[in-house]
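Thanks for coming. Please have a look at the sequence and the model first.

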Amino acid sequence: RDPNGVHHGVDLLAVPETPVYACVPSRVIRVERGNDQHTYGVIIVLEALNPNFVRTRRKSNFVPTYPNGAPGVSLVRELTEGPGFNDQGSFYFKYGHLLTSFVKEGDVVTNITKAIGLTGTTGYSGGRDPHLHFEIHSAPQPTGLNNRVNPGFYVTYKTAAEQSEQERAYQLEVKQTVWRAYPGQDQYSHYPASGISGGYQP
């Protein structure tokens with residue numbers, strides 16, 4: 001989040017240990033682990049191998065759901081497009097709060113049906129609902145709101161208003177049961193302590 005109260009990406013409900021996949025064939029440019037509650041924890045950043053394909057996926061009719069925040073829930077505003085975002089260049093995908101990564105820097109992910117990591121609760125997601133933080137950039141390491149775009153322009157996901165009653169009930173169940181079963185940070189001791197295992201085979 002930006003100090004001005006703008007969310008950089010989208011938070012997607014994810015029960016801990018849910019497999020994470022590349023959106024498109026990509027190169028791994030960064031795998032990191034943040035060890036405190038002021039980071040995104042274990043992260044993976046990918047660069048699309050074919051930016052032209054991603055470019056063609058942009059929706060001209062996308063409108064952010066919470067441009068002014070969610071009344072009664074959060075004052076954090078939903079980003080539309082940050083300064084300097086350039087859709088004529090490269091596209092970078094950032095996955096945050098992961099439990100572990102199966103890839104390492106330099107890997108080329110061509111098989112997008114093979115998991116690149118697992119969702120978790122690392123970084124400042126501790127104490128919040130279990131989720132995957134996902135961003136799209138036009139620069140490998142943007143600062144502030146620069147070079148960022150709302151992922152909704154390129155990927156499709158359901159907003160709260162589009163979810164069925166059953167889907168909303170499931171989310172509430174996850175919040176009340178799964179999260180309470182896994183409070184705090186990095187409690188999955190059966191995974192590498194570094195949170196980065198490597199070993200990806202295309």
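A word on terms before the layout: helices here are DSSP runs of H or I with at least four residues, strands are DSSP runs of E with at least two, and both are numbered from the N terminus. By that count the chain has two helices and 11 strands. Read from the N terminus, the order is β-β-β-β-β-α-β-β-β-β-β-β-α.

Now the ground rules. The model is predicted, so local features need pLDDT of at least 70 and side-chain atom pairs count only at pLDDT 80 or more, while totals for chains, interfaces and linings use all residues. Residues are numbered from 1 along each chain as its sequence is written, and side-chain values use heavy atoms, with hydrogens and water left out.

Some totals next. Buried means under 20% relative accessible area, exposed means over 50%, and partly exposed is in between, with a 1.4 Å probe and protein chains only. Of the 202 residues in the chain, 45% count as buried. Contact means heavy atoms within 4.5 Å. Among contacts with a separation of 6 or more, 79% are between residues 24 or more positions apart.

Let me turn to strand 7, residues 92–101. How many of the residues of strand 7 are buried? The count is 10 of 10. For the pairing, two strands pair if DSSP finds at least two bridges between them. Strand 7 runs antiparallel to strand 5, with five bridges joining them, and Val45 stands opposite Lys94 of strand 7. Strand 10 also pairs with strand 7 in the antiparallel sense, over five bridges; there, Tyr92 has His137 as its bridge partner. Strand 9, residues 117–119, is joined to strand 7 by three bridges, again antiparallel, and Thr100 is partnered with Leu118.

On to the core. A nonpolar core is a set of buried Ala, Val, Leu, Ile, Met, Phe, Trp, Tyr and Cys residues joined through side-chain atoms within 4.5 Å. The largest one has 27 residues, and those with the most contacts inside it are Phe91, Phe93, Tyr95, Ile116 and Tyr154. The elements that give two or more residues to this core are strands 4, 5, 7 and 10. Strand 5 gives the most, with four residues. A second, separate core has five residues, including Tyr40, Ile43, Val45 and Tyr124. As background, nonpolar side chains in soluble globular proteins tend to be buried together.

Tyr154 deserves a stop. Leaving out residues up to four places away in sequence, Tyr154 touches Val54, Arg55, Arg57, Arg58, Phe85, Asp87, Phe91, Ile136 and Val149. Rings of Phe, Tyr and Trp (its six-membered ring) pair if their centres lie within 6.5 Å; planes under 30 degrees apart count as stacked, over 60 as edge-to-face and the rest as tilted. The structure holds five aromatic pairs, and ring pairs link Tyr154 with Phe85 and Phe91 in a cluster.

Last, Val54, in helix 1, residues 51–56. Is Val54 buried or exposed? Val54 counts as buried because its relative accessibility is 4%. Beyond four places in sequence, Val54 touches Val24, Ala48, Phe91, Phe93 and Tyr154. Val54 and Asp87 are 33 residues apart in sequence, and 9.1 Å separates their C-alpha atoms in space.

That is the tour; I will take questions.
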